[in-house]
Amino acid sequence: MWVDGRASTKNTIKDMTSIYDLRSEIVLRFKDPLDFLFLYIPRRALLEIADQEGAAGIDFGVPSGGDFSDPVVAHLGACLLPALDNPRQANGLFLGHVAMAVQTHFLAHYVGKSRPVRPHRSGLTARQLRIAKQAICENLDGGMHLSSIARDCGLSPSHFARAFAISVGQPPHQWLLEQRVDLAHQLLSESALPLAEIAIQCGFADQSHFTRIFSARAGLSPGRWRRVRKL
């Protein structure tokens, strides 16, 4: 590895984390096959989170190229792997929350920031909450990303996620799952649609995805729940 022309040798260790400042010139040469997860954190995202926390400013002087063990980064990164294996089941709101968690952790542990000057505790306005809920309900497949809904509400993603949780009592991706299951309850009770069709109408990737989420929340599989309701 060369960083700004300075050479060093790296030993690859499972779950190891490395930080690179992309303002530097970075050259990597891999001698053997290697799987790794690359997470790009824009400076703008860190500034938005720092601003929502009330920090007066932040210091971007992060050493580039260091290797260290960070269980939080390793586990958050692992949360993203199922989305890579099954993109059709990826929930945009959930991925947005994981990305924001990575950014918040990075800001708290690797970027210097000034002491907070003001807390941020307020929720969404009635208009913002109406916009957010409508956007989520119109995109039950989870295809609308957190940043898009936040923009419609005139907020940064971090501000929106925090305010939504304050107003609703749960983060947007959990509220989305709740709406999917509520619609599934209605369709199972009021229609004779096949389970596969209900899965699609409720925004699930397929019937197995529907069965897994519904069973976890309702305590019964969709088919059994329907049969019990008809007894």
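Modeller: Two strands count as paired if DSSP finds at least two bridges between them. Strands here are DSSP runs of E with at least two residues, helices are runs of H or I with at least four, and both are numbered from the N terminus. This is a predicted model, with pLDDT of at least 70 needed for local features and 80 or more for side-chain atom pairs, while totals for chains, interfaces and linings use all residues. Residues are numbered from 1 along each chain as its sequence is written, and side-chain values use heavy atoms, without hydrogens or water.

Start with the sheet. It is open, has three strands, and runs in the order β2-β1-β4 with antiparallel pairing. Strand β1 covers residues 2-3 and joins β4 through two bridges, in the antiparallel sense. Look at V3: its bridge partner in β4 is I26.

Now the helices. α7 (residues 172-190) packs against α10 (residues 222-230) at about 50°, and the axes lie 9 Å apart. That angle makes α7 oblique to α10, because oblique covers what is left after under 35 degrees (roughly parallel), over 145 (roughly antiparallel) and 65 to 115 (roughly perpendicular). Axes are lines fitted to C-alpha atoms over the stretch in contact, with angles from 0 to 180 degrees between N-to-C directions.

Next, the spaces. On a 1 Å grid over the protein atoms alone, a cavity is a set of points where a 1.4 Å probe fits but cannot get out; a pocket is an open set with protein on both sides within 12 Å along at least five of seven lines; lining residues have an atom within 4 Å of a point. The largest pocket holds about 1,800 Å³. Its lining has 49 residues, with T17, S18, Y20, F36 and L37 closest to the centre. Elements giving two or more residues to this lining are β3 (16-18), α1 (43-52), α2 (71-85) and α3 (92-110). α2 gives the most, with five residues. By class, the pocket lining has 30 nonpolar, eight polar and 11 charged residues.

There is one cavity of 30 Å³ or more. L93, A135, I136, N139, G142, G143, M144, I149 and L176 line the largest cavity. Six of these lining residues are nonpolar, three are polar and none is charged. Ala, Val, Leu, Ile, Met, Phe, Trp, Tyr, Cys and Pro count as nonpolar, Asp, Glu, Lys and Arg as charged, and the others, including Gly, as polar.

Definitions and conventions
Points joined across faces, edges and corners; volume = space filled by probe spheres on them.
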